[in-house]
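Me: Hi! Could you walk me through this one while I have it open?
Reply: Happy to, let's take a look.

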Amino acid sequence: MSNYILTRIEAIQQELEMLKQKVLTQEQRDSPSGVSADSAKPQLRGIWKGFKLSDQLLEDAERSLIAKDFREGNN
């Protein structure tokens, strides 16, 4: 039972960190500093050249990984 609780705490910490990053990113977009949102985003290169990676696709991948952590904790 304690292993499950520790796994859940870690998953919640990861989710909080993702939310923190989203808030910080939104603040950067809204700031009048003149920095464009595109310049703050990392660019993927290499085997996926020319592939457009949407924010929704990244969020879906993050949710998938978190859900997998929960499933592994229930075993």
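**Helices, a patch and salt bridges**

Reply: Let's start with I9, which lies in helix α1, residues 2–30. Keep in mind that this is a predicted model.

Me: Is I9 buried or exposed, or partly exposed?
Reply: I9 counts as partly exposed, because its relative accessibility is 40%. Together with M1, Y4, I5 and L6, I9 makes a nonpolar surface patch of about 510 Å².

Me: Zooming out, what is the secondary structure of the chain?
Reply: The chain has three helices and zero strands, so along the sequence the pattern reads α-α-α.

Me: And how much of the chain is buried?
Reply: Buried residues are 4% of the 75 residues. The chain exposes about 6700 Å², with carbon and sulfur atoms supplying 56% of that.

Me: New topic: how many salt bridges are there?
Reply: The count is three. One of them pairs E59 with K22, whose closest N and O atoms are 3.6 Å apart. That pair links distant parts of the chain, with E59 in helix α3 (residues 55–73) and K22 in helix α1, 37 residues apart.

Me: Which salt bridges does R63 form?
Reply: R63 meets E59 at 3.7 Å, N to O, and D60 with the closest N and O atoms 3.1 Å apart. R63 and D60 are separated by about one helical turn because they are three residues apart in helix α3. Salt bridges that share partners join K22, E59, D60 and R63 into one network.

Me: Why does E59 count as partly exposed?
Reply: Because its relative accessibility is 22%, and buried means under 20%.

Methods
Residues numbered from 1 in each chain as written. Predicted model: local features only at pLDDT ≥ 70, side-chain atom pairs only at ≥ 80, totals over all residues. Heavy atoms only, no water. Patch = residues over 30% accessible without salt bridge, like charges linked within 9 Å, V, L, I, M, F, W, Y side chains within 5 Å. Areas by Shrake-Rupley, 256 points an atom, 1.4 Å probe, with all protein chains shown as cover. Salt bridge = Lys/Arg side-chain N within 4 Å of Asp/Glu carboxyl O. Helix = DSSP H or I, 4+ residues; strand = E, 2+ residues; numbered from the N terminus. Buried < 20%, exposed > 50% of the residue type's maximum accessible area, 1.4 Å probe, protein only.
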